[in-house]
Amino acid sequence: RYYLISSLLMILLTGLVFRFLFKVMRSQRLYTQARLAFTGNMTHELKTPVAVIEAALDSITRYKLAEDPVRMENYLAISKNEINRLNLMIDKVLSLEQLDNGKINLRTELYDVQQGLESVVSSMRLRNSNGSVHIEYIPSEEPCFVNGDPVHLTNVFYNLMDNAIKYSGPEVRIQVLCTSVDDQIVVTIQDNGPGITKIYHERIFERFFRIPEHADIHTVKGTGLGLHYVQEIIAMHGGSIKVLDRPEGGAAFIIYLPAYHEI
Ligand code: ADP
């Protein structure tokens, strides 16, 4: 009988070990795939602005645009825009590198979440002022203060609104809400895009992960780093973030942050 029991235990244990190994190998394979996709996306993302700048500068010299100041200014503005994009991308990768090395130290202060949201909403409206992006901001009636790092929290709101615009197709409707519930400040950023299927609700926060159905690098640019950064920063503030699929379509990202208290 003991022999039978110990054999059964051995079989069970071997099964468990194999399952564990299989899981590790699977996650490593997924990670390698994601990393390869990241390199591809990143190369594409870096090459496009560089090619645009090269073409703009080429045109200035080839067509002697110094004699046509209006067209020259236009080409210079395009180049400036692309340089800004490159800078943003480099910042994203660098801040993630710092995050992974535990090098990000929050500089927290009394931070007005509503003011932060309003400033990001205004700059998003300015950047997308062609009439196809509508952002509605619904403020809280209560004050919404947290112990927060202004730079990183602004980046968080920026990333979420940028995603909402990127993934929502031609006519974008975004709603940004801030409320204060008990000891929590709750920020919701919701859109009318394709939404996020439940199976991806956790995976979208992994480094490099992009939903295969949304990630055609020729249509929507990205690196799969943004939401990982967002989640880490929110966690460093003692908060949390989750995503919901809205019944009327679209995604809703909900952030919970502990309300301000004297330190
Ligand atoms: P990136 O946008 O650079 O790909 P993120 O980490 O910001 O990386 O997002 C990860 C993935 O989550 C995106 O590739 C996209 O598939 C999905 N996603 C993020 N935000 C939205 C959204 N608002 N609507 C639909 N899908 C989204």
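Two strands count as paired if DSSP finds at least two bridges between them. Strands (E, at least two residues) and helices (H or I, at least four) are DSSP runs, numbered from the N terminus. The model is predicted: local features need pLDDT of at least 70 and side-chain atom pairs count only at pLDDT 80 or more, whereas totals for chains, interfaces and linings use all residues. Residues are numbered from 1 along each chain as its sequence is written, and side-chain values use heavy atoms, with hydrogens and water left out.

**View 1. The hairpin of strands S6 and S7.** Strand S6 covers residues 240–245 and strand S7 residues 251–258; their pairing is antiparallel, over 6 bridges. Within this pair, Val243 has Phe253 of S7 as its bridge partner. Between the two strands of the hairpin are 5 residues, and Gly249 in the turn shows a positive phi of about 100 degrees.

**View 2. An open sheet of 5 strands.** The strand order is S2-S4-S5-S7-S6, with mixed pairing. S2 and S6 are the edge strands, each of which pairs on one side only. On average, neighbouring strands of this sheet are turned by 15 degrees against each other, direction ignored; the axes are lines fitted to C-alpha atoms, for helices over the stretch in contact, and angles run from 0 to 180 degrees between N-to-C directions. In general, strands of a sheet pair through backbone hydrogen bonds, either parallel or antiparallel.

**View 3. Strand S4 between S2 and S5.** S4 (residues 172–181) pairs with S2 in the parallel sense over 6 bridges, and Ile135 stands opposite Ile174 of S4. With S5 (residues 184–190), S4 pairs in the antiparallel sense over 7 bridges; here Val181 stands opposite Gln184 of S5. Strand S2 (residues 133–138) has a covered face made up of Val133, Ile135 and Tyr137, while His134, Glu136 and Ile138 form the uncovered one.

View 4. The structure holds 0 disulfides, a disulfide being a pair of cysteine sulfur atoms within 2.5 Å. Cys144 is buried, with a relative accessible area of 1%, and Cys178 is buried with a value of 1%. Buried means under 20% relative accessible area, exposed over 50%, and partly exposed in between (1.4 Å probe, protein chains only).

View 5. An N or O atom in the side chain of Asp191 is 2.9 Å from a nitrogen atom of the ligand. A polar backbone atom of Gly226 is 3.3 Å from a ligand oxygen atom, and a backbone N or O atom of Leu227 lies 2.8 Å from an oxygen atom of the ligand. The ligand taken alone exposes 530 Å², of which the protein buries 100%; accessible areas come from the Shrake-Rupley method with a 1.4 Å probe, and for residues only the protein chains shown count as cover.

**View 6. Positive phi at Lys64 and Phe208.** Lys64 is not a glycine, yet its phi is positive, about 45 degrees. Lys64 is placed in the loop between helix H1 (2–62) and helix H2 (69–100) and is exposed, with a relative accessible area of 55%. Phe208, also not a glycine, has a positive phi of about 70 degrees. Phe208 lies in the loop between S5 and helix H5 (226–236) and is buried, with a relative accessible area of 6%.

Conventions. A polar contact is a pair of N or O atoms within 3.5 Å; within protein, one must be able to donate a hydrogen and the other to accept it, and residues adjacent in sequence count only if both atoms are side-chain atoms.
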